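Please study the sequence and the 3D structure shown below. The paragraphs that follow lead through them step by step.

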Amino acid sequence: MSSVKPVSENATPGFLVWRLSTKWRVAVDRAVGPLGLTHAQYSLVASLYGMHRAGEHPSQRRLADHTGLEPLYVSKLARSLEAAGLLDRTRDPSDPRAVRLTLTDDGREITLRAISVVQDLLEQLLEPLGGLGGERARAFGHELAVLLDVPLDPRTGAGPRPGGTPPPSAEISPEEQS
């Protein structure tokens, strides 16, 4: 009988981040799909909702910076959400190059429902860490924020090593490590 190792055994942190982000994206896609949204669209409308609540009326560029999505992708998502009647795109009178985004009434209603669904999903994910309000979950969130603040530039990373061997920190999946 073969024994299957858990994914986390011998896995690099990069591999685990990738697996967790993939798991989360798939789960959110499935959770918000019945509301007519994808995970990327959800990220956009939920961020837009939060920014509006904070008194900000962001441009597409500002929303791209906030979400970490490429501006061109945000533009594409915004156009599809506009076509679905969930948001309005208008030219900024003070900067004709900028496009401001606003949720429609339907967009706010769908977004609030989606936020509730995703919050329930997040509670499930963080339950092993004490739930959304747990100390371990807060510490985990802090550690993730620290990592998100690290600038990454593949051009400044280590180049090829002599003999073609990967650096010790190279991303190697558990399957490749066996």
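**Charged pairs and the overall fold**

D95 has a relative accessibility of 24% and therefore counts as partly exposed; buried means under 20% relative accessible area, exposed over 50%, and partly exposed in between (1.4 Å probe, protein chains only). D95 forms a salt bridge with R97, with the closest N and O atoms 3.2 Å apart. A salt bridge is a side-chain nitrogen of Lys or Arg within 4 Å of a carboxyl oxygen of Asp or Glu. R97 is exposed, at 73% relative accessibility.

This is a predicted model, in which local features need pLDDT of at least 70 and side-chain atom pairs count only at pLDDT 80 or more, while totals for chains, interfaces and linings use all residues. Residues are numbered from 1 along each chain as its sequence is written, and side-chain values use heavy atoms, with hydrogens and water left out.

A search of the whole structure finds 10 salt bridges. Among them is the pair of R155 and D153, at 3.0 Å from N to O. R155 is exposed at 75%, whereas D153, at 29%, is partly exposed. Another joins D65 and R61, at 3.4 Å. These two residues lie 4 apart in helix α3 (residues 60–67), so about one helical turn separates them.

The chain holds 7 helices and 2 strands, where helices (H or I, at least four residues) and strands (E, at least two) are DSSP runs, numbered from the N terminus. Their order from the N terminus is α-α-α-α-β-β-α-α-α. Of the 178 residues of the chain, 29% are buried.
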